[in-house]
Amino acid sequence: MVPASTTSSSGAAAARRFIGSRRRTEATPLPSPPDSPPPKKLKLMSEILAKAKYAVVERADYNDLSCEQCGLGDLPDELLLCDKCDKGFHMKCVRPIVVRVPIGSWLCPKCSGQRRVRRLSQKKIIDFFRIQKGHRRKDKCSSPQDTRKRRRRSGPLVYQKKRRRLLPFIPSEDPGERLKQMGTLASALTALQMEFSDDLTYSPSMASRSANQAKLEEGGMQVLSKEDVDTLEQCRAMCRRGECPPLIVVFDSCEGFTVEADGQIKDMTFITEYTGDVDYIRNREHDDCDSMMTLLLAKDPSKSLVICPDKRGNIARFINGINNYTPDGKKKQNCKCVRYSVNGECRVFLVATRDISKGERLYYDYNGYEHEYPTQHFV
């Protein structure tokens, strides 16, 4: 309890009354809540723009927007806007192709900045492809059926045309050139964070090898002949020795990674096998991979298989499909994609359909299903 009136207390009270009378005209500050955050300091727009990576000033009207690749403004539902340059791109025109509308921000290939493809040394190339050392070529590359053809030269010409067989590819003579070719493939695979694999891969979480049975193919499947199997094995043996097909992987701003011939390739030459992870089609219906290949079309759709070269694959991953809807696109086709039964299993091979000259890019036709696969957006 405050004591009764004293001299000191009365003086203090008078002082408080005096101070109060002086401040009577000023508003009494309200006490701030104990947990309230400190007032935010707003930054100037110039400071924000100076530190921002990019800023897009949106247009008032996007009706005149067109695709930067094809120059057309149709299909507005498939027209993507870059969040940096504010330019438009069709989902099927941009490379790599965008299968679904992206969630969140999206940058075009130019604004996203393609990662530089690093070069690999000779030792790394040899280790990358697990090339077997100490083997030399003893003879020129020739298919096993060449010897039989020499014995049948007197046979009718029509008979020989009906019996056309696969030819093995002829590697470049210069070992340094072959290392250069394999280096381009190794760099492209590394850029996509892929592993090299020349075989079909069966993972526990995907389709098993027992699911790949050619007898399940609807309508049957073409069986690879004994002579062509020998040619296949010869090509695989050459690849294991580092004697690869005369092909190089190049990067194009429009098509992305693509494959060019680094030497002459004859008609009916075996180019490569399509490899990757084997999975059921039902598991890949909404997959973003733009390079899936049909492996098995079974009578029961739940047993149909596809090859997915998104984690593992070879040079077939970078060979592009053609635009089957235009005459100019069809003229580009110089390879065909054929599915064969090899020892009861389905395999997919890429074979030259005509003579291919050096520097020519390779294009194939997705098993010929030009009316089922939307290739009209291809280059």
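In this predicted model, residues 157–161 keep a pLDDT under 50, where pLDDT is the predictor's confidence in each residue, from 0 to 100. For this stretch the model has four contacts beyond four places in sequence, a contact being heavy atoms within 4.5 Å. Where pLDDT is low, the predicted coordinates should not be read in detail. The chain averages a pLDDT of 77, and 68% of the residues score at least 70. Residues 12–27 have a pLDDT below 50, and this stretch has zero contacts in the model beyond near neighbours in sequence.

Residues are numbered from 1 along each chain as its sequence is written, and side-chain values use heavy atoms, with hydrogens and water left out. As this is a predicted model, local features need pLDDT of at least 70 and side-chain atom pairs count only at pLDDT 80 or more, while totals for chains, interfaces and linings use all residues.

## Overall composition

The chain has nine helices and 14 strands. Helices (H or I, at least four residues) and strands (E, at least two) are DSSP runs, numbered from the N terminus. Of the 379 residues of the chain, 41% count as buried; buried means under 20% relative accessible area, exposed over 50%, and partly exposed in between (1.4 Å probe, protein chains only). Among contacts between residues at least 6 apart in sequence, 72% join residues at least 24 apart.

## Helix H7

Helix H7 comprises 17 residues, 175–191. At 1.5 Å a residue it should span 24 Å, and its end C-alpha atoms are 24 Å apart, which agrees; the expected span is 1.5 Å times one less than the number of residues. Just after H7, Gln 193 takes a positive phi of about 55°.

The buried residues of H7 include Arg 178, Leu 179, Gln 181, Met 182 and Gly 183, and also Leu 185, Ala 186 and Leu 189. The partners against which the buried residues of H7 pack are helix H4 (122–128) and the strands E3 (195–196), E4 (247–252), E5 (256–261) and E10 (312–313).

## The sheet E7-E9-E8

Strands E7, E9 and E8 form, in that order, an open sheet of three strands with antiparallel pairing. E7 and E8 stand at the edges, each with a single partner strand, so one side of each is left without a neighbour in the sheet. Neighbouring strands of this sheet are turned by 40° against each other on average, direction ignored; axes are lines fitted to C-alpha atoms, for helices over the stretch in contact, and angles run from 0 to 180 degrees between N-to-C directions.

Two strands pair if DSSP finds at least two bridges between them. E7 (residues 277–280) pairs with E9 over four bridges, and E8 (residues 293–296) pairs with E9 over three bridges. The table lists residues that stand opposite each other.

| Residue | Opposite residue in E9 |
|---|---|
| Asp 279 | Val 306 |
| Thr 294 | Val 306 |
| Leu 296 | Leu 305 |

In a regular strand the side chains alternate between the two faces of the sheet. Both faces of E9 (residues 305–308) are covered: Leu 305 and Ile 307 are buried on one side, and Val 306 and Cys 308 are buried on the other.

E6 and E13 (residues 345–352) pair over three bridges in the antiparallel sense.

Thr 272 lies in E6 and stands opposite Leu 350 in E13. Thr 272 counts as buried, at 6% relative accessibility. The side chains of Thr 272 and Asn 314 are joined by a polar contact of 3.3 Å. A polar contact is a pair of N or O atoms within 3.5 Å; within protein, one must be able to donate a hydrogen and the other to accept it, and residues adjacent in sequence count only if both atoms are side-chain atoms. Leaving aside neighbours within four places in sequence, Thr 272 is in contact with residues including Ile 315, Ala 316, Ile 319 and Phe 349.

## Leu 79 in strand E1

Leu 79 lies in strand E1 (residues 79–81) and is buried, with a relative accessible area of 16%. Beyond its neighbours within four places in sequence, Leu 79 is in contact with Leu 65, Cys 67, Gly 88, Phe 89 and His 90. Leu 79 and Phe 89 are 10 residues apart in sequence and 5.4 Å apart in space, C-alpha to C-alpha.
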